[in-house]
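Please look over the sequence and the model shown here before trying the exercises. Each task is followed by a solution that can be checked against the structure.

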Amino acid sequence: MNPKAVLFDAYGTLFDVYSVGLLAEQLFPGHGDRLSQLWRDKQIDYTRLLTLSGRYRPFWDVTRDGLRFAALRLGLPLDAMAEDRLMNQYRHLSAFPENAGVLAELKKRRVCTGILSNGDPEMLAVAVKSAGFEGLLDPVISVHGVQRFKTDAAAYALGPQALGLAAREILFVSSNGWDAIGATWFGYTTLWVNRAGAPLEQLGTEPTRTGSSLRDVLDFFPIP
């Protein structure tokens, strides 16, 4: 069965979370890549810990917490000015180059396209506007309403609720392997955009399909 709509993960899928590494390198020469990677890893670690413990914090706060940990772990002198610059950069992450064309083509094919993300509503609104994606993504769904981060079922349930469709009728697209697996467990049709050529998570489950760029979404929605 062909899906009737598509929901994208935001961070890592539409927006390049490692694009902050350019500014990080300017601030901390020789440490930009490592800082951006550790920052992202700790950010996701904290979402899982908070959800498992029932201690929700907004994603913006979690992102700041992850940055502070990463700087401490690497022994970098993160003062208030550097922290604010990096956090502001996170609001305006670069979009992957193929994304605008894919979203425009999906709109041309009259496919409902939205976001389902851990991000706060304000974070997502700024990121979508900064990338020039306004008018191409609706609905933009944040887990903030249920205060549970992915891969919690309550987070994934927001998609079918918003679209009025069964999960299997929605294509969920993520570049995060763990997210694609979580959505598959929930019942979505899934596409893992494996840009980095990473191995499949060894959890006994595979996404519906695996691709290498967002352009692979178009294969699910053939031209009428």
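The model is predicted, so local features need pLDDT of at least 70 and side-chain atom pairs count only at pLDDT 80 or more, while totals for chains, interfaces and linings use all residues. Residues are numbered from 1 along each chain as its sequence is written, and side-chain values use heavy atoms, with hydrogens and water left out.

**Exercise 1. Strand β5**

Decide how many residues of strand β5 (residues 189-193) are buried.

Solution. Buried means under 20% relative accessible area, exposed means over 50%, and partly exposed lies in between (1.4 Å probe, protein chains only). By this test 5 of the 5 residues are buried, so β5 is largely enclosed by the rest of the structure. In a regular strand the side chains alternate between the two faces of the sheet. Here Thr189, Leu191 and Val193 are buried on one side, and Thr190 and Trp192 are buried on the other.

**Exercise 2. Helix α2 and its partners**

Determine at what angle helix α2 (residues 32-53) packs against α3 (residues 59-74), and at what angle it packs against α4 (residues 80-91).

Solution. Axes are lines fitted to C-alpha atoms, for helices over the stretch in contact (heavy atoms within 4.5 Å), and angles run from 0 to 180 degrees between N-to-C directions. Angles under 35 degrees count as roughly parallel, over 145 as roughly antiparallel, 65 to 115 as roughly perpendicular and the rest as oblique. For α2 and α3 the angle is about 130 degrees, with the axes 8 Å apart, and that makes α2 oblique to α3. For α2 and α4 the angle is about 70 degrees, with the axes 14 Å apart, and these two helices are therefore roughly perpendicular to each other. The contact with α4 is made by Leu35, Trp39, Arg40 and Gln43 of α2, which meet Leu86, Met87 and Tyr90 of α4.

**Exercise 3. Two alanines**

Find out whether Ala183 is buried or exposed, and then whether Ala157 is buried or exposed.

Solution. Ala183, which is found in helix α9 (residues 177-186), has a relative accessibility of 0% and so counts as buried. Leaving aside neighbours within four places in sequence, Ala183 is in contact with Tyr156, Phe172, Tyr188 and Thr190. Ala157 lies in the loop between α7 (153-156) and α8 (158-163), and with a relative accessible area of 17% Ala157 is buried as well. Its C-alpha atom is separated by 9.7 Å from that of Val143, 14 residues away along the chain.

How values were computed: Helices (H or I, at least four residues) and strands (E, at least two) are DSSP runs, numbered from the N terminus.
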